[in-house]
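Reader: Could you walk me through this model and tell me what stands behind each label you use?
Author: Gladly; here it is, and then please ask away.

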Amino acid sequence: MDIARRNNVAVTGNPHGRTVVLAHGFGCDQNMWRLTVPALAEDYRVVLFDYVGSGRSDLSAFSENRYGSLHGYARDVVEVCEALDLRDAVFVGHSVSAMIGVLAAEAAPERIGALVMVAPSPRYIDDDGYRGGFSAQDIDELLASLESNYLGWSAVMAPVIMGNPDRPDLGEELKNSFCATDPDMARVFARTTFLSDSRADLKSVRVPTLVLECSEDAIAPREVGAFVHRAVPGSTLVTLRATGHCPHLSAPEATNEAIRGFLAGLR
Amino acid sequence: MCRTGQQPDPHDPYDPHDPHDTGDDKAADAAFAALLEDSAEELYENAPCGYLSTLMDGTIAKINATLLGWLDMEREAVVGRMRFTDLLTVGGKLYHETHFAPLLRMQGEISGIALEIKRTDGDRIPVLVSSVVKRGGDGEPLLIRTTVFDARDRRAYEEELLRGRRAAEAARGQAEADRARLQDALAVLQQSLLPDTLPSIPGVETATHYHTASPDRLGGDFYDVFPLDGRRFAFFLGDVCGKGPKAAALTSLTRYTLRAAALHDPDPVAALTTLNKVLHERYAGSGDPRYCTAVFGTLDPDPATGQLTVHLASGGHPPVIVLRADGTACFLPTPGGQLVGVLPSARFTPATTVLAPGDTLLLYTDGLTEARTGPDRTSLYGDEALLAFTAGHGGKPPHALIKALTGLLDSFGDGLDDDTALLALGIPAADHPMRNTR
């Protein structure tokens with residue numbers, strides 16, 4: 001199987017630098033990193049990809065069974081790393097991808113040598129003594145929100161966006177295409193993301209880890225950031241002065257500075 | 001297109017020669033002036049849609065009266081105190097953070113996103129939201145301008161559409177499941193009309209093939225091979241009129257009648273005559289006359305010579321082909337045999353042949369010879385073509401002939417639109433190992 005095509009893999013930056021893999025979260029695709037890539041490209045080799053079911057990945061490779069679990073997404077990461085034969089790469093994961101990175105690093109420790117977790121949350125739904133910020137009903141509401149924007153997904157447009165990995169210019173022009181996802185696949189990703197509980201996986205992390213949280217994040221509140229920091233052995237916590245869940249878009253300078261600082265400190 | 005100065009512009013209000021400049025137009029001008037009194041501020045506050053402007057972090061800096069009215073909120077409680085996402089349901093907030101905000105950042109604008117806003121009393125209003133980022137002279141994003149449209153009617157309509165779509169999908173799934181079940185049942189029934197296995201006949205190889213034209217319809221072709229006594233065997237192959245359940249009932253009656261008749265009197269003409277009586281009695285007076293064509297025969301092996309004597313009779317069926325070891329092929333004529341079941345007493349034509357090692361007898365139904373061929377699928381494959389094709393396989397054992405014919409059937413593609421049954425009986429040449437296939 002052609003993993004590079006399946007996951008719409010793009011490699012850029014300094015071919016002699018250490019490899020940094022940038023992984024998007026639930027919602028949009030690798031375009032989310034457009035303000036991050038320029039800050040890393042000079043010193044690092046940068047790998048971008050779309051999870052199967054997102055962006056311009058090969059939608060025919062999607063299976064509800066595989067992607068009904070974060071381990072299925074982690075396999076995407078490992079397979080991308082294997083396809084490029086990455087060793088000791090730094091994995092930067094946004095939102096749910098931070099947890100996917102933890103699972104991938106556990107599955108392929110020789111390939112991932114450090115983690116940057118951007119606005120991570122190991123569990124979104126409140127639990128005994130744990131506040132994730134959401135109730136199960138809230139998640140149902142999100143699924144309904146996805147549903148009500150169902151009509152925004154055009155079956156006619158989809159093949160144009162998804163079917164032309166060789167001609168990225170075709171999709172580029174289409175508005176909202178970065179976040180246009182097949183509704184059935186979006187629903188699977190949303191359920192897998194927001195119903196997941198990866199708290200127990202955090203303590204298995206054996207690599208240097210940077211936890212980046214936002215000062216005001218409706219999806220991953222600060223107490224969740226603190227929880228992740230406490231649970232990941234030896235991790236560093238940086239709180240960005242940023243509102244929202246996407247600091248790499250809303251506060252790119254601060255985000256890039258934190259990531260570059262962390263990368264520079266790695267051996 | 002530009003006008004030249006040759007003609008006065010008829011819409012120029014200062015043109016004294018304009019014949020349209022009448023009292024009516026003066027009234028219109030007055031109404032237009034009144035509209036101008038509708039200040040931009042008034043239009044903003046009471047526009048038929050909600051307006052709000054936020055800082056880049058979402059803090060609401062300005063909001064119009066229309067939207068405040070929908071929210072049932074006071075301006076003081078909102079401006080500088082709430083973020084745009086505070087107006088949304090939790091699900092909407094999640095959607096905003098994962099889709100809306102990133103897209104707005106990347107594109108500088110976003111339009112027509114379906115969200116719900118929360119009123120003070122907890123009620124929700126479905127809305128369609130569009131936003132643009134206003135930038136300063138240096139390109140730095142300054143604020144976000146957002147319009148909010150009441151989408152209650154539209155959302156209700158969309159929900160109807162979605163409901164309809166889901167119902168259609170469910171109905172389609174049910175129909176597909178029903179169809180699959182029906183096809184399974186038909187396949188089992190079809191299978192029951194054909195023998196599970198053919199008996200092994202010392203020194204004789206048998207091979208068969210059955211092509212079903214449509215998985216939705218029971219076919220009307222049939223065949224069988226069975227022992228008569230310690231030495232002889234009987235065989236038949238035929239084609240009942242029509243398709244579907246009624247044809248299947250006729251096939252069933254035909255098969256069991258021929259089997260029983262053969263045990264009583266294996267003479268081929270006698271067996272077909274019994275079948276004719278039974279079918280005529282059953283169907284002639286029923287208002288739904290049905291009939292079949294068939295070849296019935298017996299095999300009498302002679303272990304001393306290694307030869308096989310074949311006695312057969314045909315009732316309206318295409319003649320069988322005798323393929324000799326040397327590659328000659330000829331029809332075994334059975335002229336004048338009548339359809340089985342139409343007349344109270346029918347005439348059937350007997351024939352006899354002897355097969356030596358390397359010879360094969362081929363029985364087939366007219367699905368094969370009536371397959372449509374040619375680029376426009378208008379000509380029939382025909383008897384002569386079949387004879388020539390068969391001759392090309394002289395000396396090969398029955399299973400090889402059936403395999404070649406199966407390939408021929410496949411090559412017809414959609415030109416083969418009828419069921420086809422094939423039965424080959426032969427004595428393999430000494431240099432071919434014997435096998436029985438179907």
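Reader: What makes the sheet S7-S8-S9-S10-S13 of chain B antiparallel, and how many strands are in this open sheet?
Author: The open sheet has five strands, and its pairing is antiparallel throughout the order S7-S8-S9-S10-S13 (chain B). Strands are DSSP runs of E of at least two residues, helices runs of H or I of at least four, both numbered from the N terminus. Two strands pair if DSSP finds at least two bridges between them. Seven bridges join S7(B) to strand S8 (residues 233-240) of chain B, so these two meet that definition. Within this pair, Asp224(B) stands opposite Phe236(B). As background, strands of a sheet pair through backbone hydrogen bonds, either parallel or antiparallel.
A word on the source: this is a predicted model, where local features need pLDDT of at least 70, side-chain atom pairs count only at pLDDT 80 or more, and totals for chains, interfaces and linings use all residues. Residues are numbered from 1 along each chain as its sequence is written, while chains are lettered from A and ligands numbered from 1 in the order in which they are written.

Reader: Which strands does helix H7 of chain B lie across, and how is its angle to S8(B) defined?
Author: Helix H7 (residues 244-264) lies across S7, S8 and strand S9 (292-302) of chain B and runs at about 155 degrees to S8(B). Axes are lines fitted to C-alpha atoms, for helices over the stretch in contact, and angles run from 0 to 180 degrees between N-to-C directions.

Reader: What kind of pairing does the open sheet in chain A have?
Author: That sheet has seven strands in the order S1-S3-S2-S4-S5-S6-S7 (chain A), and its pairing is mixed. The edge strands are S1 (10-13) and S7 (236-243) of chain A, each pairing on one side only. Strand S4 (residues 89-94) and strand S5 (residues 112-118) of chain A run parallel, joined by six bridges. Phe91(A) has Leu115(A) as its bridge partner in S5(A). Helix H11 (residues 252-265) of chain A packs on the sheet, touching S4, S5, S6 and S7 of chain A.

Reader: Which residues touch the most other members of the largest nonpolar core?
Author: Phe91(A), Val92(A), Ile100(A) and Val116(A) do, in a core of 105 residues. Such a core is a set of buried Ala, Val, Leu, Ile, Met, Phe, Trp, Tyr and Cys residues joined through C-beta atoms within 7 Å. Buried means that 20 or more other C-beta atoms lie within 10 Å of a residue's own (exposed: 12 or fewer; partly exposed: in between), with C-beta atoms placed from the backbone. Helix H4 (residues 96-107) of chain A gives the largest share of this core, eight residues.

Reader: How many residues make the contact between the chains?
Author: Chain A gives 29 residues and chain B gives 26 residues, where contact means C-beta atoms, placed from the backbone, within 7 Å. On the side of chain A that touches chain B, H5(A) provides the largest share, seven residues.

Methods:
Two residues are in contact if their C-beta atoms, placed from the backbone, lie within 7 Å.
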